[in-house]
Amino acid sequence: DAPDGRVFLAWGKMEARLNDHWAMRKAFAKGLKLIPDNTHIPHAWAIEELKVGNVDSARKLFGYALESDPSDGLVYQSFALLEQQAGNIDGARALLEEGTRKDPTNVFLWSACGIFESRQGRLHEAANMFQQASTLGPNHCQTWQAYGVLLEKMGRQDEAAEKFQRALEIDPSSVPTVQAYGLMEARRGRYVKARALFEQGVAIDGSHAPIFHAWARMEEEAGDYEKARQLFNSGVASAPDSVALLKAWAMMELRLGHIDSSNQWYVSPKMGSRKLSKVSERLEMLRLLMEQRSEDDLKLVMQWIEQQRNQQLQAEVSQMLSVGAPVPDEWEDGHHYTFGAGRKFMTGDLVIVHTPGALASRDDSA
C-alpha cells in the first residue's frame, strides 16, 4: 500500500509541539522521501521552520512545494506572508499575484490579497480583492469581516456595518466579527450599540481577551473608569495569559494616578470603595509588566502569582498552627493518627509520637 502523507504530517507536527525539532525534521523528511509529490508535507515543514526562525529553510521548502504543485494557492499565501514579515513587500505581492493566476478560484487567497493590500494602504485595490473573494465564497465569514474593516477604514461605515451583519448571519458565534463591529460603533460614538455588541461577544466566549480589551478601552474613553476597571478585572480573570489586557489596564491606572512607574510603586486610596485587597495582586502584576515592558515577562509574572499563592497558603497554615489555636477537626481523628475518645490538645502542646515499627502501630502522648 502507498504510504499515507497524513501520518507524517501528524508525526512532524507532534514533534514540533514537543519542541523536538530534529525529530520533527526527521519525520517530515521521511515522509517527503516516500511521497515526494505530496505538497502538504513541505508546506507544513516550512511553517514549522518559520516558527523557529529558520527563514531560509522555510523559503526552500515553500519553493519545493510550488515546484511540485504550482497551483496550490495556500502555499502562495504562506510564502507571501513570510516575505511580508521579512519586509519584502514586492516579493510578497508577486507571490500573491502569481497565486491568483494559478489558483483563481481560491477564496482564501483572494481574501489574503485584500488584507495584504489594505495593510499597504492600497484600499481600492483591497476592496476589489475582497469583492472577488466574497463572490467566490459568499459563505466565508472572515472575508465579510475583513471587507467590513476595510470599508470602515475608507470612511464607508454604513456599508461596513452591512458586511459585519452579513458575516454574523453566516457565523453568529464569530467573536472577532462582533469585536470588529463593536469597535467601529464605539469609534462612531454609538456606545449603546457598541455595548450591546460587546456583551454579545462576551456571552459567546467569556475568555476572549480582545473583546474585554475593546470594551474596557471604550468605557475608559467614555470616562466610566469604574466600569472599565471591572471589565479589565473580569478579562484578566478569564484570560490571565493576555499581556495586552494587563498593559492596557496598567496604562489606565497610570493615567489616573492610581499607580506610578517608579520603584516606590503603590496602590492609591483614590480607588474608592473597591476592596484594595482584591485588586492589589493584579496591580502588582501590572507593575511588573510595566517595569520590564517585555512580552517575555509573562512567564515571570505567572511565577510571581504562584509564589504569592504559595505565600498565602503558608500564611494560612502558620495562622492555623499558631500557639493556642484549636486543632482543625480533621486533625483530631486524622488519617495518620488516631486519638482516644475525649482526647483534645491545643497547638503549641508537645506531642511525643513513638514509632517502634510499622506506621499503623503509632502511639502518642501529650
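Is the crossing of α7 and α8 left-handed or right-handed? Please describe the packing around that crossing too.

Modeller: The crossing of α7 and α8 is left-handed. This is a predicted model, and the description below should be read with that in mind. Helix α7 covers residues 107-119 and helix α8 covers residues 123-136. Their axes lie 8 Å apart, at an angle of about 165 degrees. Angles over 145 degrees count as roughly antiparallel, and α7 is therefore roughly antiparallel to α8.

On the α7 side, the contact is made by V107, W110, S111, C113, G114, I115, E117 and S118. On the α8 side, L123, A126, M129, F130, Q132, A133 and L136 meet them. By class, the residues of this contact divide into ten nonpolar, four polar and one charged.

For reference, another pair can be set beside it. Helix α12 (residues 191-204) and helix α13 (residues 209-221) have axes that come within 10 Å and cross at roughly 155 degrees. These two helices are therefore roughly antiparallel to each other as well, and α12 passes α13 in a left-handed crossing. The α12 residues in that contact include Y191, F198 and V202, and those of α13 include F212, W215 and M218. The residues of the α12 contact with α13 divide into nine nonpolar, one polar and three charged.

As for the setting, the protein has 18 helices and two strands. Of its 366 residues, 42% count as buried.

Methods: Residues numbered from 1 in each chain as written. Predicted model: local features only at pLDDT ≥ 70, side-chain atom pairs only at ≥ 80, totals over all residues. Heavy atoms only, no water. Helix = DSSP H or I, 4+ residues; strand = E, 2+ residues; numbered from the N terminus. Buried < 20%, exposed > 50% of the residue type's maximum accessible area, 1.4 Å probe, protein only. Axes fitted to C-alpha atoms, helices over the stretch in contact; angles between N-to-C directions. Parallel < 35°, antiparallel > 145°, perpendicular 65-115°, else oblique. Left-handed = near helix turned anticlockwise from the far one by under 90°. Contact = heavy atoms within 4.5 Å. Nonpolar A, V, L, I, M, F, W, Y, C, P; charged D, E, K, R; others polar.
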